[in-house]
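Subject: Structure handover and notes

Dear colleague,

I am passing on the structure we discussed, with some notes on what came out of going through it. Please open it alongside this message, and the notes will follow in order.

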Amino acid sequence: MQLQYTEKQQAFRQEIREWLATNLPEKPLLTLEGEEGYHQHVAWERKLAEGNWGMVTWPQQYGGRGLDLIEWLIFEEEYWGAGSPLRVNQNGIFLLGPTIMEYGTDEQRERFLTPMAAGEKIWAQAWSEPGAGSDMAAIKTTAIRDGDHYVINGQKTWSSRASFADWGFGLFRTEDGSERHRGLSFVLFDLNTPGVTRRPIRQLHGNPGFAELFFDDVRVPVANRLAGEGEGWKVAMATAGFERGLMLRSPGRFQAAAKRLVELFRRHESDAAPSAREAVAKAWMDTQAYAYNTYTVAANIMAGGSIGAEASLNKIFWSELDRSMHRTAMQLLGAAAELQHFADRSANDWLEGYIFSLSGPIYAGSNEVQRNITAERLLGMPRVGKG
Amino acid sequence: MDFLIASERLELAEAVRNFFSGKHGPDVLRRLDAQDNRDPTIWQSVVEMGLPGLLVPEEHGGLGMGLVDAVLIARECGRACLAEPLVESAFVMVPWLNAQGEQSELSAIATGETRPVPQHKVNGWVADGDGAALDSVDPLRNLSALPDNASDDPHLLNLGALMASAQLVGLAEAMLDQAVEYSKIREQFGQPVGGFQAIKHKLADVAVALEFARPVLWRAAQALEDDPASASLHVSHAKIAASDSAYLSGESAIQVHGAMGYTYEVDLHFWMKRAWALSGAWGSRGFHARRVDDAIIGGDQMIGPQHTFA
């Protein structure tokens, strides 16, 4: 254990800090859940890529910098500390990217990772179906082999970014009549393929942040399948591990929110409830605890370890922490909390953030599912019973 | 930057854990409770493992290790609900005496001959002291009155609070383990109660609290070792995280045990009572919350993502 950054790490921190100071948009971007804001965020991804900041941990040949996870954390700390925009390509760079790195062929890495890091292709996820939410193994959408193509029929839903994105990835039933987690394959598809219909869904805040996807004889090359036919569940679990584990929510984002909450509290101190004071101090403590934990996980992975079921603990912790911080802010704001200014993100970030924080305990595997995983796989409690 | 506890440090803690789980189980606690609370043979085995000398510098016959190592061992002492005054003499007094430049007693501490105990004004008592006896809720704690000349040194308080936090984490882990084990064997409605989601989710919450208390404890130990201006803040953070986890674990464990948990027969009460005692010791929750508050809301501690390790 050694809690000083090396000179190289400090120089790297300085480099990203300076780049952000020069290149950050002058005005906050519109929300990425709406069409105009989406395109602003795509432009920002491309700007990041020009600076070679798309995904610093990836090998240089795919547009990365070949850096380690501690440097990635430093990048994230500076990124969120500077108030930078949300990453519209998060599904790609943090979830699909590491999965392709692990399971893709060289050809697939070349074909998908480079444009992903460059911000040229924005990715949507396509996991859930109307009958397969928390119970993802209930997937029904089929991808039936026809020569060197799969023909996809069915429906996906709650597909983040799919209203505007370029490509999607998800699980499809490639073995007709198979059940549960058998017979599924992990397939990448162009959202503009004939037969794909997108129906944007208005989210709680009114913007079309996700969409339903309808597949009607959609032909996708077999070369777009990651790993073997029927191995989709295993690949998806790895992706979910990345999602719940290290990368989906880096601590910097929450630490930045905690800092803003402290500042908000200072402005409202005279009429704040005593409980708010405690909640604000707790926000700092919990975001720090989350950061320490992430540094441990990163060091563990660098030492050859991996993320297992403990990723569920992470997901429960950050999602409920985020909700609690934003609730505290809403309560501090009082009558001002209800005022909406979604056209100008800076005006009521807390309201938008609170609304978004309500989705955290639901997506990426609901927290109830995470608590079951924690109890059964980490604590070894019995899997019998449904009650 | 490397926020990972080296595996060789964990090996010693694991050896201590194995020793305690073999030789210091609940039967020993019940025997001590029925007799007179302390047993020289237990102290002797602790001495044979070299634990009293863990933090004593090598030139005084100790192992010369650091606070992170001591925190790992103190956690095991909590897990085993050890009654002997190892933590406060070897992991609180030794580094404090050393910091004061008072090294005359250190070699006798390392050999286990003497075991001085801290006397600090933040506590209204001394544990394993010589004064008039006081009754603790914890049947295995020997409390006595605090002398008038007790210290009010903040460094001693920080060391005491850090090591109480470490024991609290171990106590909370042990109570979680006991609850999980009980939930597997107790059957109702035709199945182990641990199969019910209401029970699973309750214990999963304890696992979450502990997962995010442990790194705070490591952080505090390293902070007190490196001694930056923010060390007190990190110790207070650890004390809050550890005592909150311990209360949560105790309350969840008793609930999972049902009426059995409310008896003196079930082992759980030894751990739960130690947790209550140590949660209040070395600065109440309010004391530590105020220190965090003063630094974060009212003070000039650097906060935000760029200052994770400030």
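A crossing of two helices is called left-handed if the near helix is turned anticlockwise from the far one by less than a right angle, and right-handed if it is turned clockwise. Please keep in mind throughout that this is a predicted model.

With that term in hand, the crossing of H9(B) and H10(B) is left-handed. Helix H9 of chain B covers residues 214-226 and helix H10 of chain B covers residues 231-257, and the two pack at an angle of about 155 degrees with their axes 8 Å apart. Since angles over 145 degrees count as roughly antiparallel, H9(B) and H10(B) are therefore roughly antiparallel to each other. On the side of H9(B), the contact is made by Val216(B), Leu217(B), Arg219(B), Ala220(B), Ala223(B) and Leu224(B), while H10(B) brings residues including His234(B), Val235(B), His237(B) and Ala238(B). By class, the residues of this contact between H9(B) and H10(B) divide into 10 nonpolar, two polar and one charged.

The axes of H7(A) and H8(A) come within 9 Å and cross at roughly 160 degrees, which makes H7(A) roughly antiparallel to H8(A). This crossing, too, is left-handed. Among the residues that meet here are Phe254(A), Leu261(A) and Phe265(A) in H7(A), and Val280(A), Trp284(A) and Tyr290(A) in H8(A). The contact of H7(A) with H8(A) has 12 nonpolar and three polar residues, and no charged ones.

Turning to the contact between the chains, 50 residues come from chain A and 43 residues from chain B. On the side of chain A that touches chain B, helices H3 (69-81), H7 (251-268), H8 (274-302), H9 (311-333) and H11 (367-378) of chain A each supply at least two residues, and H8(A) gives the most, with 15 residues. That side of chain A divides into 28 nonpolar, 14 polar and eight charged residues.

Lastly, the largest nonpolar core has 194 residues, and those with the most contacts inside it are Leu162(B), Met175(B), Leu176(B), Leu203(B) and Leu217(B). Helix H7 of chain B, residues 154-185, gives the most to this core, with 18 residues. Leaving aside residues up to four places away in sequence, Leu162(B) touches Leu67(B), Val71(B), Ala220(B), Ala221(B), Leu224(B), Val235(B) and Ala238(B).

With best wishes

Note on methods. Residues numbered from 1 in each chain as written. Chains lettered and ligands numbered in written order. Predicted model: local features only at pLDDT ≥ 70, side-chain atom pairs only at ≥ 80, totals over all residues. Contact = placed C-beta atoms within 7 Å. Helix = DSSP H or I, 4+ residues; strand = E, 2+ residues; numbered from the N terminus. Nonpolar A, V, L, I, M, F, W, Y, C, P; charged D, E, K, R; others polar. Axes fitted to C-alpha atoms, helices over the stretch in contact; angles between N-to-C directions. Parallel < 35°, antiparallel > 145°, perpendicular 65-115°, else oblique. Core = buried A, V, L, I, M, F, W, Y, C linked by C-beta atoms within 7 Å. Buried ≥ 20, exposed ≤ 12 C-beta atoms within 10 Å, placed from the backbone.
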